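Subject: Structure handover

Hello,

Here is the structure we discussed.

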Amino acid sequence: MRGQTRQGLRPPSRRQGRRRRALPAAAAVAIGVMTLAGPAAATARPDAVQQALNALVRDDGMPAALASVQDGDGRTRTHTAGVGDLATGSKVPRDGQVRIGSNTKTFTAVVVLQLVGEGKIGLDTMVDTYLPGLVRGEGIDGRNIKVRQLLQHTSGLPNYSNYLGDDVRYYAPRELLDTALQHPADFAPGTSWKYSNTNYVLAGLIVQKVTGRPLAEEIDRRIIERIGLRHTYFPTPGEMTIREPHPHGYLRGAADDPLRDITEIDPSWGWAAGQMVSTNSDLNRFFSALLAGRLLPSAQLAQMRSTVPAEATFGPAARYGLGLVSRPLPCGGLSWGHGGSFPGYETRGGATDDGRAANVAVTTQLTAQADRRSLDRAVDTTLCRR
């Protein structure tokens with residue numbers, strides 16, 4: 001189950017095939033909805049962002065697409081296309097909640113870096129200092145792995161989510177780690193880069209050991225409440241539903257298989273690497289606040305933005321910092337964000353240093369390169385629109 005995709009987490013193993021799937025009739029007519037935050041009404045002719053979402057539904061077969069775009073002055077526009085529930089044909093909720101997958105890693109990294117700023121964690125301190133004797137395996141030794149290497153995916157730890165099988169159930173964090181430690185290291189710490197969800201499970205365990213509190217409480221106290229993310233949360237153990245209005249998420253099988261509703265699922269196998277739920281607008285607020293220095297001291301934010309090449313996972317010229325990805329924009333400059341992949345949902349987006357932010361979500365997890373490129377282009381369109 002859930003081997004690594006380009007942006008993070010993956011669903012139960014299944015037959016996969018490339019497709020250009022015809023949309024249900026309800027989805028075919030539910031294209032072209034835009035709402036502005038303010039008194040202005042939607043224009044009759046879709047703008048470039050709306051056209052990009054329409055194309056994701058019409059041409060790429062996504063059941064629904066949602067976007068939130070924030071300009072440099074803080075004005076927000078939300079867009080939807082497609083159908084929120086294929087069974088009923090209901091509308092896509094405006095700025096609906098989605099499972100944000102590996103965007104969770106940035107939240108976890110921020111908490112770790114806050115603790116670094118408080119002198120409670122050292123970036124270049126070995127993992128064994130905080131979790132003595134816990135990290136051992138073939139070519140794996142927590143006495144030789146730095147906290148920094150966890151956050152930057154340079155630890156060489158194998159990715160537990162490649163080995164979970166098809167059993168979708170509750171997983172305790174230690175169980176996820178133990179699964180990874182049954183397999184050999186991918187490389188010696190600090191000698192290469194490879195995306196591994198195991199790194200963030202360990203980062204979350206370190207947070208809990210240092211603070212004496214659950215990771216979810218620390219994320220809520222240190223980030224969600226601090227910057228007013230009203231629609232973002234870390235699901236509780238056993239919580240399979242999404243709390244607020246949301247589009248349904250769907251799983252694709254082989255090319256000829258029908259889409260399967262996978263909205264309700266136990267997300268615990270993602271934990272510190274991918275368990276959270278949010279909205280596009282809340283993600284914009286989060287990444288904007290992060291870049292503006294509202295969540296980290298300047299020294300820790302600079303460390304977070306110190307990057308290494310990550311093209312193999314995040315695309316051309318992408319680089320990975322400490323839980324933060326930079327990508328060049330076609331209109332110039334960089335976007336900073338992460339992206340996430342989780343059964344039923346895919347999210348992409350980021351923020352710029354001049355205050356722009358955008359996030360786009362679709363309601364099926366992407367496995368085909370062409371679909372990922374389409375979603376990346378939609379994000380570029382939203383961030384480059386001025």
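The notes below cover the pockets and the disulfide.

This is a predicted model, in which local features need pLDDT of at least 70, side-chain atom pairs count only at pLDDT 80 or more, and totals for chains, interfaces and linings use all residues. Residues are numbered from 1 along each chain as its sequence is written, and side-chain values use heavy atoms, with hydrogens and water left out.

Pockets (on a 1 Å grid over the protein atoms alone, open sets of points where a 1.4 Å probe fits, with protein on both sides within 12 Å along at least five of seven lines; lining residues have an atom within 4 Å of a point):

The largest pocket holds about 360 Å³, the volume being the space filled by probe spheres set on the points. Of its 18 lining residues, Thr76, Asp95, Ser281, Asp282 and Arg285 lie nearest the centre. Helix α10 gives the most to this lining, 6 residues (helices are DSSP runs of H or I, at least four residues).

The second largest pocket holds about 290 Å³. Its lining has 19 residues, with Ala216, Phe234, Pro235, Thr236 and Pro237 nearest the centre. Helix α8 (residues 215–227) supplies the largest share, 5 residues.

Disulfide (a pair of cysteine sulfur atoms within 2.5 Å):

The whole structure has 1 disulfide. Cys331 and Cys384 form it, with their sulfur atoms 2.1 Å apart. The torsion about their S-S bond is about -80°, so the disulfide is left-handed. The two cysteines are 53 residues apart, and Cys384 sits in helix α13 (residues 369–384).

Regards
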